[in-house]
Amino acid sequence: MFDYIIVGAGSAGCVLASRLTEDPACRVLLLEAGGEDDAPAIRIPALYGRLQDSPYDWADRTIPQTHLNGRRLFVPQGRVLGGSASINYMIYIRGNRGDYDEWHRLGNKGWSYDDVLPYFVKAEQNEALSDSYHGTAGPLRVVSHSPSNPLVDRYLAAAKEVGIPFNPDFNGAFQEGCGPLQATLANRARWSVVDAYLRPARSRLNLTVMTHAYATKLLLSGARALGVEYFRFGAVEQARAAREIIVSAGALRSPQLLMLSGIGPKAELDRLGIEVRLDLPGVGRDLQDHLHTRVRCEITQPLTFAPLPEEVKAAALSEYEANRSGALGSNFLEAGAFVKSEPDEAYPGLQLFFLMMLAPEYPEAGPPNRHGLSFTAYTNRPLSRGKVTLASADPLDRPIIDFNYLSAPGDLRCAVAGVRWNLRILYAKPFDDIRGEELAPGVKVRSDADLESFVRRTASTTWHPAGTCKMGNDEMAVVNSYLRVHGIDGLRIVDASIMPNIVSGNTNAPTIMIAEKAADLIRSCSYEGA
C-alpha cells in the first residue's frame with residue numbers, strides 16, 4: 001500500500017515523485033512503461049535524432065491526416081524514465097503571459113500568469129539570467145549556449161534586418177522578437193527531469209520506482225480510484241494507494257488509460273464493450289499540437305556539422321566524451337523568434353526556429369548529405385482540434401491518434417505566414433555570401449496557393465500533444481482547477497493533457513510548472529477538500 005501512485009515518469013511524474021517524497025511519511029510508487037535512461041545518446045545533446053523510433057520512444061503514428069494529403073505523421077514520445085524530456089530537443093520556453101491569463105479567464109482559478117510564474121521560478125536554476133522572472137536555485141538547469149555558433153549571429157542580424165526586434169529573453173517581460181534560445185543542459189549534456197528531480201530522490205526509502213510497468217487499468221470502487229493494474233515482465237500486477245492515483249502518462253496515454261478504465265465518452269466505451277464507470281465526454285478530445293513547416297536551403301560553405309566522413313564524426317564523439325567540447329555539445333537550435341502572423345494579433349502567433357543543419361523534408365527521410373540550414377515555423381495557438389480514441393479494449397493496443405491538423409482554416413493561413421517570415425530571413429543580407437540552392441519550398445513556390453500546397457505536403461508535428469484531459473468547468477472538461485477528475489474521487493491528472501489551450505511555445509517547461517503547482521495542491525488539500 002502506498003499513499004500515492006504516479007503513472008508515468010515523464011516531465012510531470014518525475015517532478016511529483018520528487019516533491020511528494022520530500023515528506024518522509026509520504027509513500028510514493030512511480031510506474032514507468034519504459035526502462036532506465038541509460039542510452040549514451042540521451043546524454044549527448046546533438047544525438048537526439050538517434051532516440052526517435054528507438055526503444056526509448058513510443059514511436060506513434062497518426063491516422064491519415066485529411067488536410068495533410070492523407071499523410072500519417074510520426075509522433076515521437078518518450079518511453080523511458082524522463083519521458084519526452086529524455087528524448088526532446090531540450091529547448092526551454094515557457095509560453096506567453098496571455099496563454100495562462102486565458103486559462104484563468106476560462107474559469108481555472110489559480111492558473112493566471114501571475115499565479116504560475118512562481119512555479120517556473122521555483123523549478124529553475126538559470127545560469128545566465130537572474131531577475132524576477134527567473135530562478136537560480138531550482139533543480140532544473142537552464143543555460144545559454146556557449147560559445148555561440150557564428151551562424152547564430154548571422155541569423156539574428158537577418159531577423160533584425162527584416163523588422164524583428166532583438167529580445168534577449170523569451171521567458172522574461174515579453175515574448176516577441178528574435179534572440180538566443182536557452183536549453184536544459186548542464187556541462188553541455190542533457191539535463192532532464194530525471195537528472196533534476198528523480199535521480200536525487202531515488203535514494204529515499206519512501207519512493208519506489210518501477211520501470212517496465214505498463215499501466216493497463218485504474219482500479220475503481222464506485223466513484224473512487226483505489227489503485228492501478230499494470231503489466232510487467234509478462235505478469236499482471238496491482239498496486240493500491242490510500243490517498244490518490246495521479247495519472248501523468250501524457251496527452252496521448254493519459255486519456256487512453258482513463259478510457260480503458262471505463263472513464264470517457266459512453267458511446268465509444270459501449271462500442272468496445274468496456275464497462276462505463278463514468279460518462280466523461282471530454283476524455284481524449286481537444287487534442288492540440290504545434291504543426292511546423294520548414295524552409296530549407298543549402299549553403300556554399302562547410303559551416304555545419306553534417307555532412308562529415310565517419311572518421312570525423314567518430315573524432316567528434318571522442319572529443320565530446322573526453323572533455324564535453326566540440327559540436328556534439330549543442331542541440332543545433334540556438335536561436336529563434338516569436339512573431340505575429342497578422343498585425344492585429346494580441347501576441348505572437350508564430351514561433352520560429354533556426355536549425356543549424358539541413359533537416360530532412362520529411363521526418364522519416366534521414367539527414368541529407370550536404371551542408372545547409374533549416375528555418376522552422378509553427379502555429380503557436382492552433383484552432384484545429386483532434387482526438388485520441390481506443391483501437392480496442394486491449395490495453396496493449398496503441399491508441400488511435402488524430403490531430404485533425406489544419407481542419408480550422410486559420411491554421412493554414414498562419415502556417416503560410418510562418419513560411420513567408422522564414423523566407424524573408426533567409427534572403428536577408430547576412431546570408432548573401434553563403435546562401436545556396438533553396439530546397440524547400442523552392443524559388444518558384446511563392447503564391448499563397450502554392451505555399452498552402454507546400455504546407456500540406458511537408459508540415460509535421462513538433463512533438464507537443466496537449467489538451468486531451470482539459471482543465472475547466474464546461475461539459476467537455478475532464479479535471480477541475482485542482483486537477484481532480486470530475487466525478488471520480490482520489491484521481492488527478494497532471495501533465496500536458498490538462499492544458500485548456502496549448503501554450504505559445506515548447507511544452508516541456510510548462511509541464512514541469514504544472515507538476516510543481518500540482519505538488520503544492522496535493523500537499524495543501526486534504527482528500528475531502530477541493
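Visitor: Which residues have the most contacts inside the largest nonpolar core?
Guide: This is a predicted model, in which local features need pLDDT of at least 70 and side-chain atom pairs count only at pLDDT 80 or more, while totals for chains, interfaces and linings use all residues. Residues are numbered from 1 along each chain as its sequence is written, and side-chain values use heavy atoms, with hydrogens and water left out. A nonpolar core is a set of buried Ala, Val, Leu, Ile, Met, Phe, Trp, Tyr and Cys residues joined through side-chain atoms within 4.5 Å. The largest one has 88 residues, and those with the most contacts inside it are Leu-218 and Ile-263.

Visitor: Which helix gives the most to this core?
Guide: Helices (H or I, at least four residues) and strands (E, at least two) are DSSP runs, numbered from the N terminus. With 9 residues, the helix that gives the most to this core is α12 (residues 508–524).

Visitor: Is Leu-30 buried or exposed?
Guide: Leu-30 has its place in strand β2 (residues 28–31). Leaving aside neighbours within four places in sequence, Leu-30 is in contact (heavy atoms within 4.5 Å) with residues including Ile-6, Ala-17, Leu-198 and Val-209. Buried means under 20% relative accessible area, exposed over 50%, and partly exposed in between (1.4 Å probe, protein chains only). Because its relative accessibility is 0%, Leu-30 counts as buried.

Visitor: How far apart are the end C-alpha atoms of helix α9, and why does this agree with its number of residues?
Guide: The expected span of a helix is 1.5 Å times one less than its number of residues. Helix α9 (residues 310–323) has 14 residues and should therefore span 20 Å. This agrees with the separation of its end C-alpha atoms, which is 20 Å.

Visitor: How much space lies in the largest cavity?
Guide: On a 1 Å grid over the protein atoms alone, a cavity is a set of points where a 1.4 Å probe fits but cannot get out, and a pocket is an open set with protein on both sides within 12 Å along at least five of seven lines; lining residues have an atom within 4 Å of a point. Grid points are joined across faces, edges and corners, and a volume is the space filled by probe spheres set on the points. The structure holds 5 cavities of 30 Å³ or more. The space in the largest cavity is about 110 Å³.

Visitor: How many charged residues are in the lining of the largest cavity?
Guide: Among the residues that line this cavity are Leu-287, Asp-289, Phe-403 and Asp-411. Ala, Val, Leu, Ile, Met, Phe, Trp, Tyr, Cys and Pro count as nonpolar, Asp, Glu, Lys and Arg as charged, and the others, Gly among them, as polar. The lining divides into 7 nonpolar and 3 polar residues, and the charged ones number 2.

Visitor: Which element gives the most to the lining of the second largest pocket?
Guide: This pocket has about 440 Å³ of space. Of its 21 lining residues, the closest to its centre are Glu-345, Arg-381, Pro-382, Leu-383 and Asp-411. Two or more lining residues come from each of α3 (97–105) and α10 (409–426). With 5 residues, the element that gives the most is α10.
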